[in-house]
Amino acid sequence: MYIDRSKFSLDQPVSSLDPNRGTYEEAAEWQRHGPVVPVTLPDDVRAWAAVSAEAARSVLNAHPDLSSDPQHWGAYNRGEIPAGWPLLHLIVGESLLNADGAAHRRLRGLLSHAFAPRRIDALAPRIQEITRELLDGLESVEPEEVIDLKETFAYPLPLMIICELYGLIDSDQQRQLRGHFRTLLSVDVSSAERQAATTGEREVLARLVADRSAAPLGDLTSALLEALDEDGGKLTQKELIDTLEFILSAGHETTVNALTNTVLALLSHPDQLTAVLGGELSWSGAVEAGLYWKAPVRTVFMRYALRDTVLHGVTVRRGEPIAVSLAAANREQYATVPAPFDMHDSRPYQRQLAFGAGPHYCLGAPLARLESSIGLSQLFARFPAMRLAVPESELKPVISTAINGLAALPVVLRPASASDSGDRAAQRE
Ligand code: HEM
């Protein structure tokens with residue numbers, strides 16, 4: 001069917017970004033319309049969606065006609081976006097994600113130093129210890145007991161690692177931060193509770209900054225307190241707390257879903273799990289394959305047109321926003337369901353988009369890869385006979401336009417009769 005894409009406009013969206021719809025059903029539908037599609041977001045907010053790998057790259061790779069700064073979003077400036085719009089907190093706000101050009105380079109430069117590969121690699125022994133402690137806590141699980149692996153393992157692990165990265169060593173402060181953070185991630189809290197949690201989280205971070213400036217520990221907070229930009233300037237106190245707050249949200253939920261998605265991929269592809277446990281395939285390969293199979297960031301929100309611009313055959317008007325569907329773009333060639341999880345062919349992963357592309361490419365990617373690889377290898381080494389507690393078709397997705405993952409991952413860590421998966425353990429010995 002011929003589609004005249006030059007007639008596409010935000011006045012006539014051809015599809016929607018619906019949190020209740022499966023990511024790949026959506027991808028398959030969008031890709032039939034072409035690489036850039038006019039869609040409605042919740043509450044009939046309009047945006048373009050880049051859905052092919054090529055379109056995603058051209059939007060993310062510092063396109064000269066596009067900005068990351070929501071102050072260029074026409075509908076927002078005209079007051080057309082309701083104050084309580086559910087995606088607003090993700091989109092507006094001061095962070096390096098919303099900065100362009102020199103302002104972005106300054107913030108990213110200051111942070112890059114703290115995220116240097118050497119510093120991240122040095123965290124490996126502590127990540128191993130933290131993972132071990134968390135798994136020790138799961139040792140008391142009875143045979144055939146069903147637990148939610150997302151809640152008990154995938155959720156706490158990245159949060160504990162971020163506390164370690166930040167030099168947040170005080171256990172009371174850690175507990176407070178976890179409490180506030182959990183409230184902020186909950187959907188069923190009042191706006192007063194949300195506000196109180198935001199204030200509480202910022203207070204913990206302010207205390208952390210005060211503690212680390214009095215006694216630096218070689219952690220990320222101490223490094224950021226010391227880091228100088230090209231002009232010899234430092235981050236202000238507000239910038240520092242904003243940045244710590246942003247990294248906490250950028251680095252947590254993403255990694256939680258990367259872990260759960262990859263555990264699911266391995267449990268539902270037992271031959272490949274056996275090959276990883278037997279050392280024929282690697283844990284780092286499993287991490288890449290999992291990220292490619294189900295990109296944890298479903299959609300990147302957003303970029304804004306600085307002037308009318310033609311993108312892959314459609315005209316995006318000045319001030320119009322463009323979201324990037326990483327889940328669709330990452331697996332463009334497999335828009336049909338089910339898509340393969342195949343660790344034997346690593347070629348597609350090498351150009352994968354799970355961490356974005358261009359100037360805002362995920363700064364935490366080496367850390368996310370390291371902690372996922374350590375987390376998965378220790379989890380399966382400890383519980384090699386683990387199995388899903390329900391058929392895969394009964395697992396529920398997270399209801400979100402931004403995240404691609406599971407609401408829960410019910411598993412049996414210790415099957416009473418470990419016959420199928422026990423075979424796998426036996427093969428290792
Ligand atoms: C598997 C886990 C993760 C995934 C899938 C992921 C994905 C992404 C994506 C897609 C972006 C680009 C967004 C855009 O272009 O608008 C991004 C940016 C970012 N991520 Fe991650 N992320 C992960 C883990 C982490 C971790 C662990 C940290 C730090 C602790 C982190 C810190 C950041 C930061 C600071 C940025 C902003 C970079 C910039 O604007 O220059 N991420 N991430």
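In this predicted model, a polar side-chain atom of His360 lies 2.7 Å from an oxygen atom of the ligand, a polar contact being a pair of N or O atoms within 3.5 Å (within protein, one must be able to donate a hydrogen and the other to accept it, and residues adjacent in sequence count only if both atoms are side-chain atoms). An N or O atom in the side chain of His104 is likewise 2.7 Å from a ligand oxygen, and for Arg303 the separation between a polar side-chain atom and an oxygen of the ligand is 2.8 Å.

Residues are numbered from 1 along each chain as its sequence is written. Local features need pLDDT of at least 70 and side-chain atom pairs count only at pLDDT 80 or more, while totals for chains, interfaces and linings use all residues, and side-chain values use heavy atoms, with hydrogens and water left out.

The shell around the ligand holds 28 residues, each with a heavy atom within 4 Å of it, and H13 gives the most, seven residues. The iron atom of the ligand has a single protein donor, the SG atom of Cys362 at 2.3 Å; donors are N, O and S atoms within 2.8 Å of the metal (3.2 Å for Na, K and Ca), and because water is not among the atoms, sites may look incomplete. Cys362 sits in the loop between helix H16 (326-330) and helix H17 (365-382).

The largest nonpolar core has 87 residues, with Leu149, Tyr166, Phe380 and Met386 making the most contacts inside it; such a core is a set of buried Ala, Val, Leu, Ile, Met, Phe, Trp, Tyr and Cys residues joined through side-chain atoms within 4.5 Å. Helix H13 (residues 237-267) supplies the largest share of this core, 13 residues. Apart from this core lies another, of 27 residues, including Val37 and Tyr304.

Lys396, in the loop between strand E10 (387-388) and strand E11 (410-412), counts as exposed because its relative accessibility is 58%, given that buried means under 20% relative accessible area, exposed over 50% and partly exposed in between (1.4 Å probe, protein chains only). Leaving aside residues up to four places away in sequence, Lys396 touches Leu406, Ala407 and Ala408, contact meaning heavy atoms within 4.5 Å.

Note on methods. Helices (H or I, at least four residues) and strands (E, at least two) are DSSP runs, numbered from the N terminus.
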